[in-house]
Amino acid sequence: MRPFAYERAADAATAVALVAERPGAAFLGGGTNLVDHMRLGLARPELLVDVSRLPHDTIAARPDGGVRIGAAVRNSDLAADPLIRERYPLLAGAVLAGASGQLRNLATTGGNLLQRTRCPYFQDLTTPCNKRSPGTGCSALEGFHRGHAILGASERCVAVHPSDMAVALTAPDATVRVLGPDGERAIPVGEFQRLPGERPDPDTVLAHGELITAVDLPPLPPAMAARSGYRKVRERASFAFALVSVAAALEVRDGVARRARVALGGVAHRPWRRALAEEALAGAPAFAQRPAGGGPLRIAATNGPGQAAPFRRGARRGRAAPRSVAAARRVPDGVAPRGRRSGRGAPGRRAVRCGCPAGRAHAPVAGWGAAGAGGRGAVAVSLRSGPPRGCRGPS
Ligand SMILES: Cc1cc2nc3c(=O)[nH]c(=O)nc-3n(C[C@H](O)[C@H](O)[C@H](O)COP(=O)(O)OP(=O)(O)OC[C@H]3O[C@@H](n4cnc5c(N)ncnc54)[C@H](O)[C@@H]3O)c2cc1C
Ligand code: SF4
């Protein structure tokens, strides 16, 4: 690791001045992402300015019924805060779905929003990566991209943003408060992370030297808060990033959904707000359980035409579709979509032809399964405890 200087800022203005005047300086929150990157040689700051002990460590009710979360509030404190648990249970749930207890004890609100993608090529200095080294290419397009973007990606980068917290802040339209050399500004959280476009290297719209000081949450009507939540699908029950996640809040009256807020995680370079799904859900009958055959809940994941971009050579990113999560892709339970049944999937998770009435391929065992096009990019099959009903096993 390259030697670096360390300073603890006494106040926000000093921290901003220290970083803004040195291109090689960086803010340090809990260090759970930045220090990892320094060890990997991915980040090489010459000065770390510690902002984790600035007086931004409180969570306060605002007069309009909303809440202000200081940027130095630790993830554990955020998830345990009574105000957050009562008014924004989806946020408390999202934070608890991330990382581990030890990491959450260190990680800060500001640092969480600025954590970088978990694309393996981004962290591997020996491979081309436009985000790490602009102009070198994107290794994921032709390589391992099972957890990569299906929405808003570009030919330059198909990485996804990993923060669970950011998804839960996007559904209620939070605002990120920032202090920079030119003063303060407020950025809607939905515009805070960028889409990759031609230049995937900057993750966010922040300029060098801009410090996150707080996040403001607007009031969420109690009826909505009561019917809100965060669901995350991942490869392990804990300590894993989202394959897909959804933060959703619904206001239900007389058995009908009146208003909805939906944001998806793990599918794009930023949390993906689903206005279309919100419109479709408003006025729809609300079910305590998903009705047979799916129906309304699946709307959350459908795109406008042409939005889901296939990767090169027709390969698509694979993603597990849970049986009960609103964000599930439109994949029949346990069954790989037609036309992609012959390829290889992830090692040891080969899709097989079986004796199903429909004669489709599927993963024969519990957990994840994958079928691919020519061994590249997998298509999704469901999380389930066995083969589809009627299956007579591999043929
Ligand atoms: C094993 C492991 C598993 C994980 N699993 C998950 C998961 O499932 N879900 C999830 O969401 N996250 C997960 N994480 C990521 C974790 O949540 C982040 O590492 C953490 O939130 C980052 O916060 P931090 O305060 O430590 O940031 P730091 O590492 O200190 O900083 C991260 C970035 O933010 C900048 N920064 C920090 N504070 C500020 C500020 N106030 N203003 C401007 N810039 C700032 C830093 O300069 C740096 O660029 C995991 C991490 C690990 C190591
Ligand atoms: S997806 Fe983005 S982060 Fe990953 S290799 Fe491609 S350019 Fe790099």
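This is a predicted model: local features need pLDDT of at least 70, side-chain atom pairs count only at pLDDT 80 or more; totals for chains, interfaces and linings use all residues.
Two strands pair if DSSP finds at least two bridges between them.

**View 1. The β6–β7 hairpin.** Strands β6 and β7 pair in the antiparallel sense, over 6 bridges. They form a hairpin, with 2 residues between them. Arg 177 has Ala 186 of β7 as its bridge partner. β6 is mostly covered: 5 of its 6 residues are buried. In a regular strand the side chains alternate between the two faces of the sheet.

**View 2. The five-stranded sheet.** The sheet is open and has 5 strands, in the order β4-β5-β8-β6-β7. Its pairing is antiparallel. β4 (59–61) and β7 (183–188) are the edge strands, and each pairs on one side only. On average, neighbouring strands of this sheet are turned by 20 degrees against each other, direction ignored.

**View 3. Strand β8 and its two partners.** β5 (residues 67–70) is joined to β8 by 4 bridges. These two strands run antiparallel. Val 67 stands opposite Leu 217 of β8. β6 is joined to β8 by 5 bridges, again antiparallel. Here Arg 177 stands opposite Ala 214 in β8.

**View 4. Helix α1 across the sheet strands.** Helix α1 (residues 12–20) lies across β6 (175–180) and β8. Helix α1 runs at about 130 degrees to β8.

**View 5. The shell around ligand 1.** The shell around ligand 1 holds 31 residues. Gly 29, Gly 30, Gly 98, Gly 110 and Gly 111 come nearest. Several elements each supply at least two residues of this shell: β2 (25–28), α2 (34–40), α6 (101–106), α7 (109–113), α10 (164–170) and β8 (211–217). By residue class, the shell divides into 17 nonpolar, 12 polar and 2 charged.

**View 6. The shell around ligand 2.** Around ligand 2 there are 15 residues. Cys 119, Tyr 121, Cys 129, Cys 138 and Cys 157 come nearest. Helices α8 (120–123) and α9 (139–142) each supply at least two residues of the shell. The residues divide into 10 nonpolar, 4 polar and 1 charged.

**View 7. Helix α5 and its cover.** Which residues of helix α5 (residues 89–96) are buried? They are Leu 90, Leu 91, Ala 92, Ala 94 and Val 95. An α-helix has 3.6 residues a turn, so residues three or four places apart point the same way. The cover over the buried residues of α5 includes the helices α3 (75–80), α4 (82–87), α6 and α10. It also includes the strands β9 (228–233) and β10 (244–253).

**View 8. The nonpolar core around Ala 168.** The largest nonpolar core has 83 residues. Ala 94, Ala 168 and Ala 247 have the most contacts inside it. β10 gives the most to this core, with 6 residues. Leaving aside neighbours within four places in sequence, Ala 168 is in contact with Leu 90, Leu 91, Ala 94, Tyr 230 and Ala 247.

**View 9. The whole protein, for orientation.** The protein has 13 helices and 16 strands. Of its 395 residues, 47% count as buried. Among contacts with a separation of 6 or more, 64% come from residues 24 or more positions apart.

Notes: Residues are numbered from 1 along each chain as its sequence is written. Chains are lettered from A and ligands numbered from 1 in the order in which they are written. A residue is near a molecule or strand if its C-beta atom, placed from the backbone, lies within 6 Å of it. Ala, Val, Leu, Ile, Met, Phe, Trp, Tyr, Cys and Pro count as nonpolar, Asp, Glu, Lys and Arg as charged, and the others, Gly among them, as polar. A residue is buried if 20 or more other C-beta atoms lie within 10 Å of its own, exposed if 12 or fewer, and partly exposed in between; C-beta atoms are placed from the backbone. Two residues are in contact if their C-beta atoms, placed from the backbone, lie within 7 Å. Axes are lines fitted to C-alpha atoms, for helices over the stretch in contact, and angles run from 0 to 180 degrees between N-to-C directions. A nonpolar core is a set of buried Ala, Val, Leu, Ile, Met, Phe, Trp, Tyr and Cys residues joined through C-beta atoms within 7 Å.
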